[in-house]
Amino acid sequence: MSRTTLTLILIILLGIAAAVWIHERSTAAPAVAFAQVRRETLVSNLTTNAKIEPSAWAEVHAERAGVVERVAVHKGQMVRKGDPIAELTSQDARAEMASAEAAVAEARAHLETILHGGTAQAQVDIANEIARNRLELEAAERDAEITKRLAAKQAATGQDAIDASQRVERLRAAIAALEKKRAALVSSTDRAAAEAKVRQAEASLDQARLRLEHSAILAPMNGTVYDLPVRQSAFLSAGDPVAGVGNLQRLQVRIQVDEPELGRVGVGMPVTVTWDALPGRQWQGTVEKMPTEVTPVGTRQVGVALATIENSDLKLVPGTNVNVEIVSQVVAGGLTIPKEAIRTENGNTGVYVLRDGQVAWRPIQLGASSITRAVVVSGLSEGDQVALRTERALRDGQAVRPMAE
C-alpha cells in the first residue's frame, strides 16, 4: 500500500471521529449553571456623575479698568465681607479726585458770589456812588428850594430856578440807575448757571471718588476664596473676573441624571458622593430639587437634580467632578434573581426554570433592580432554580446537566 493511500485513509478516519464527537456533543445534555430564587432586601441604586458647587457663592469682578497692584488673598483663604481681595493702582484715581475736589470748591465759591450779589468790590463801588449821589441830591434839593424862593422875590432869574430843578432830577435819575445796576449784578440766569456748574462738579467728584473706591476690590460675602484667576501686575478691564468667594462648608451637588432614569429619582432620596481623588471617603445628602429641563451634555440628554452635602473639612472644592449613587428604591423581603438569568425571547421577558432535569420557559414580571439583581414581582417562587447565561441557546423542555452557581 502506498504512502499516499495511507495518508488518505488517515484523513478519512479523523473526519469520521470528528463528526462522531460533534454529534455526541450536540445531542448531549449541556451543563448549565443555576441560581436559586431567594428572598432578600434589595436596594435599587442609580449611579451617575455630578459636579460640585458652593451652596452660596459670589463672583468678584473688577469695577474699573486698571493694573493689579496687589493681590491680598490666596486660594482657599477664609474672608469676611469687605475684606480686600486685590487692589488696583490708584495714582490716576487720586489725581482725578483732587482735580474734582478743586473744581467743586471753585464752583461753590462762584455760586456764593452770585448769591451775595456779585463781587464784594463791585457792591462797595456802587454803594459808595449811590451814597455820594444822595448827598449831592440833598444839597441840590436845598439849592433848588432856595433858588425858587429867590426867583419868587425876583432876586434870582427864572432860568436859575429851572437849572436847579433839572439838577435835582438828574441826581435822582442817577441814583435810580445805580440801584438798578446793583440789582442787575446777579440775574436768575446767572444763578441757575452757577448752580448747574456746582452740580456738575459734584457729580464729577462722586465719579472720581467711586473710581478711587473701586481701586480696592473687596469680598462681597463671608466665605472661602475658591477661585482666584487674577495675578499681580495684570491689566484688568471693567467686568473682568477677579475671584470667586463661597460657602464651602456646605456644597451643592449638581447631579446629571440621564433622561430615561429621571423617573427613578425623587426629592428626599438618599445620595452618596464619592471622589476618585480620595478613595474611601463618602459624603451623604438627599435630593432636594428635581430637574426643570433636559439638556444635551455631549452625547447624553440629562436633567440636573440638586443635593446638598456637608464639607466641614473643606476637602471637596467647587468644580470637582464626583461620582453619585442615589438610593432610588428599597424593597424589603422581595424575591430576587441574578440579572444574568433574565432573558427576552419573542418580545417576552422570562427565565428558564429547572424541572426534573429539564428547563422550562417561565414568563416573569420584574420590579426594582440593583446593579446585579432584580426583584421578581410574579412568575417565580422562593427556592426555584433559574438558569444563568450559557454559550448555547436553551429551549423549552431541553434536558440539561445542572451545575451550582
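**Strands and cores**

Start with strand 5 and strand 8 (residues 223-227), which pair antiparallel over two bridges. Strands here are DSSP runs of E, at least two residues long, numbered from the N terminus, and two strands pair if DSSP finds at least two bridges between them. The model is predicted, so to speak of local features we need pLDDT of at least 70, and side-chain atom pairs count only at pLDDT 80 or more, while totals for chains, interfaces and linings use all residues. Residues are numbered from 1 along each chain as its sequence is written, and side-chain values use heavy atoms, with hydrogens and water left out.

M78 has T224 in strand 8 as its bridge partner. Both strands belong to an open, antiparallel sheet of four, in the order 3-10-8-5. Its edges are strand 3 (57-61) and strand 5 (78-79), each pairing on one side only.

Next, strand 2 (residues 38-54). Strand 16 (residues 321-338) runs antiparallel to strand 2, joined by 13 bridges, and S44 stands opposite Q329 there. Strand 2 also pairs antiparallel with strand 11 (residues 250-258), over six bridges; here I52 faces V253.

Now the cores, meaning sets of buried Ala, Val, Leu, Ile, Met, Phe, Trp, Tyr and Cys residues joined through side-chain atoms within 4.5 Å, where buried is under 20% relative accessible area with a 1.4 Å probe, protein chains only. The largest has 23 residues, and V253, I255 and V271 are among those with the most contacts inside it. Strand 11 gives the most, four residues. A second, separate core of 19 residues includes V60, V73, V225 and V242.

Notes:
Buried < 20%, exposed > 50% of the residue type's maximum accessible area, 1.4 Å probe, protein only.
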